[in-house]
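Please look through the sequence and the model below before reading on. The paragraphs that follow go from the overall division of the chain to its pocket, its sheet and its charged pairs.

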Amino acid sequence: MPALTSLQELIEALRALPGVGPRSAQRIAYHLLQHDRSAATRLGEALLHASGEVRHCARCNTFTEVEVCETCQDPERDPSLLCVVETPADQLMVEQTLTFRGLYFVLMGRLSPLDGIGPKEIHFEQLIRRISDGVVKEVILATNFTNEGEATAHYLAQMLKARGLKASRLARGVPVGGELEYVDAGTIARAVLDRHTL
């Protein structure tokens, strides 16, 4: 089988992006190479730099360039409240509501046994260590309202109850099947304020 050309490699790499199919990847590649080579160079350099510098926060598991992220270091935050989200994008959406002043834990996924994603893949052990610090009193489960997100919330709620911690879930202001990254800030704010105990 012949090796891919540079253009084919670029198109295949762009197809890895969410929501980008073969035709979209092809259009993006042609646009960058035909109309904006400096943007293509900047994009490549930014990806290389980010992949080398961005890591996971030692406390909350979100993306950061330092050992412990800025949010975890903020003394104005309430350390007794911990909001568990699936992705850094979900964390950003909750932050943009300006209604939550606790800390976070980012799972970097959700339980999906059919896809081979179990507790280990969503950093379950790190979360257990995080909530066992004696400071956390309530854990808000802000996983998405998808089947996998609901299963993850249920699993985590059972684990938290067994450890004597209060678990709450976002209220249903977020639409069923919705993902926080795509929900408007007002809806998320209402869901955070109207959360309920599980």
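Domain bounds here come from an automatic or database domain assignment, and on that basis the protein is divided into domain 1, residues 6-53, and domain 2, residues 78-169. The C-alpha centres of domain 1 and domain 2 lie 33 Å apart. This is a predicted model, in which local features need pLDDT of at least 70 and side-chain atom pairs count only at pLDDT 80 or more, while totals for chains, interfaces and linings use all residues. Residues are numbered from 1 along each chain as its sequence is written, and side-chain values use heavy atoms, with hydrogens and water left out.

H1 gives the most, with five residues.

The UniProt record, an unreviewed entry, annotates residues 57-72 as "zinc finger region: C4-type", though such annotations may be inferred rather than shown by experiment. In the model, the end C-alpha atoms of this span lie 9 Å apart, and the span is 19% helix and 12% strand.

Further along there is an open sheet of five strands in the order S4-S3-S5-S6-S7, with mixed pairing, where two strands pair if DSSP finds at least two bridges between them. Strand S4 (102-106) and strand S7 (196-197) are the edge strands, each pairing on one side only. Strands S3 (78-85) and S5 (138-141) run parallel and are joined by four bridges, and Leu82 stands opposite Val139 in S5.

Counting a salt bridge as a side-chain nitrogen of Lys or Arg within 4 Å of a carboxyl oxygen of Asp or Glu, the model has nine. One of them joins the side chains of Asp74 and Arg101 at 3.5 Å, N to O. Because Asp74 lies in the loop between helix H4 (70-73) and S3, and Arg101 in the loop between helix H5 (88-96) and S4, this pair ties together parts that are 27 residues apart in sequence.

Note on methods
Helices (H or I, at least four residues) and strands (E, at least two) are DSSP runs, numbered from the N terminus.
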